[in-house]
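Let us walk through this structure together, one region after another. Have a look at the sequence and the fold before reading on.

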Amino acid sequence: MRAEPPRFVVVGNPDNRRTTYFLDAVRAAGLPGARVLPWLDVLHGSDGFRPGETVRIDSPGENAEVERILRDTDDPARVEGSALWYARFTGAVREVAETARAAGCRLLDDPDDLAVLFDKRRCHERLAGAGVPVPQSPTSGGRVAVRGWDDLRELMQDGLPRVFVKLAHGSSASGVLAVERAGPGRVRATTSVEGTPHGLFNSLRVRRYGSERAVGALVDALAPDGLHVEQWLPKASLDGRVADLRVVVVGGRASHAVVRTSTSPMTNLHLGGARGDLDRVRAAVERAGGSWAGALEICERAAACFPGTRCVGVDLLPGIGWRRFAVAEVNAFGDLLPGLTGLPGSGFEGLDTYAAQVAETLRGRGSEDDRATA
């Protein structure tokens, strides 16, 4: 006997684009309309789960009041406060999971997975432990603490002349510095961070700092929130622009991919990056003797490190020559790719990332029903 269609509830902000896209996908699938349980209500102690619901935990972003509660500021451009955000967000997620499970709900996102995904040091350690290719990192698993510029300078002198410095709990390139030694006694950093007398702020303009004093001041200001340091791997290029990929994995399968290109080390689309031609990238990989299927398989292996979370976005770095790949990050909320449809052969052709997640949930539910009646 088949169960009734899933009744979705989204823990999210009603006006957040991710939430509204998912609600649209549920309606387009002909399912009962999904409910939204606002993060603001959750953080004020409300829950309201109903037995049998399927719970999606979505991003708490794009809401100033939620931002203020999570990190004591309502300015989304402010860099500081990511450690506080992490502690409060993961605590709230655990409470959501406990309440939902007690109500007999099904979770699409695992709170323990999310706690690792939002700590770059722990995420790197889990990926490396599973044999997923990742950049070299002295801070993997929190083994080495970078307390400021003096610590970072020592690491760079010991064999890492070019590094990415990231907030351990950052996202969307917030607080990211691409730092390199530019000669004896010289250092420079590329970043979207703007240092002001009132603190650090993210900007939509990528800028360069060319003195050790300026770079050191940025690192010292970022360090209290926790830092993750990775080797800066040289990436392949497309039409003279460095390139990487965001690959979405849904239900264990690489479902969508977008090429991101830039003239700066940061390829994030909101920082001036541009979408590249995926067919050209696939051809370049095969022409170089690499394997496009193998590149996607790396992303699926990375996603498999988080088995309780149905959808992740994997940032894949192609090495110069398009033959080797490494995983830079795995993103819990990495599915915001409007208009992008599924990869050929993925089983999600013609579906965007949100419709793919709804379809995968239905398929998984059908499999559970088949097992129950076997």
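In what order do the four strands of the open sheet come? The order is β2-β1-β3-β4, and the pairing is parallel. Before going further, a word on what you are looking at: this is a predicted model, in which local features need pLDDT of at least 70 and side-chain atom pairs count only at pLDDT 80 or more, while totals for chains, interfaces and linings use all residues. Residues are numbered from 1 along each chain as its sequence is written, and side-chain values use heavy atoms, with hydrogens and water left out.

Helices (H or I, at least four residues) and strands (E, at least two) are DSSP runs, numbered from the N terminus, and two strands pair if DSSP finds at least two bridges between them. At the edges of the sheet are β2 (35-38) and β4 (106-107), each of which pairs on one side only. Helix α1 (residues 17-28) packs on this sheet and touches β1 (7-12), β2 and β3; contact here means heavy atoms within 4.5 Å. The direction of α1 makes about 175° with that of β1, where axes are lines fitted to C-alpha atoms, for helices over the stretch in contact, and angles run from 0 to 180 degrees between N-to-C directions.

Now follow β3 (residues 53-57). Five bridges join β1 to β3 in parallel, with Val-10 opposite Arg-56 in β3. Two bridges join β3 to β4, again running parallel; here Val-55 stands opposite Leu-107, and Thr-54 opposite Arg-106. Is β3 covered on one face or on both? Both faces are covered: Glu-53, Val-55 and Ile-57 on one side, and Thr-54 and Arg-56 on the other, are all buried. Buried means under 20% relative accessible area, exposed over 50% and partly exposed in between (1.4 Å probe, protein chains only). Arg-56 also has its charged end over the ring of Phe-22, 4.4 Å from the ring centre. The rule for this is that NZ of Lys or CZ of Arg is within 6 Å of the ring centre and within 35 degrees of the ring normal.

Next come the aromatic rings. Rings of Phe, Tyr and Trp (its six-membered ring) pair if their centres lie within 6.5 Å; planes under 30 degrees apart count as stacked, over 60 as edge-to-face and the rest as tilted. By this rule the count comes to nine aromatic pairs. One of them is tilted, because the rings of Trp-85 and Phe-118 have centres 5.3 Å apart and planes at 55°. Trp-85 lies in helix α4 (residues 82-102) and Phe-118 in the loop between α5 (111-117) and α6 (120-129), so this pair ties together parts that are 33 residues apart in sequence. Phe-118 also forms an edge-to-face pair with Phe-89, at 5.4 Å centre to centre and 75° between the planes. Phe-89 is buried at 0% relative accessibility, Phe-118 at 11% and Trp-85 at 12%. Ring pairs link Trp-39, Trp-85, Phe-89, Phe-118 and Phe-333 into a cluster.

Finally, turn to Glu-180 in strand β6 (residues 177-183). Glu-180 counts as buried because its relative accessible area is 12%. Its side chain joins that of Arg-162 through a polar contact of 3.4 Å (a pair of N or O atoms within 3.5 Å; within protein, one must be able to donate a hydrogen and the other to accept it, and residues adjacent in sequence count only if both atoms are side-chain atoms). Arg-162 in turn has its charged end over the ring of Trp-232, 3.8 Å from the ring centre. Leaving aside neighbours within four places in sequence, the contacts of Glu-180 include Trp-232, Met-156 and Arg-188.
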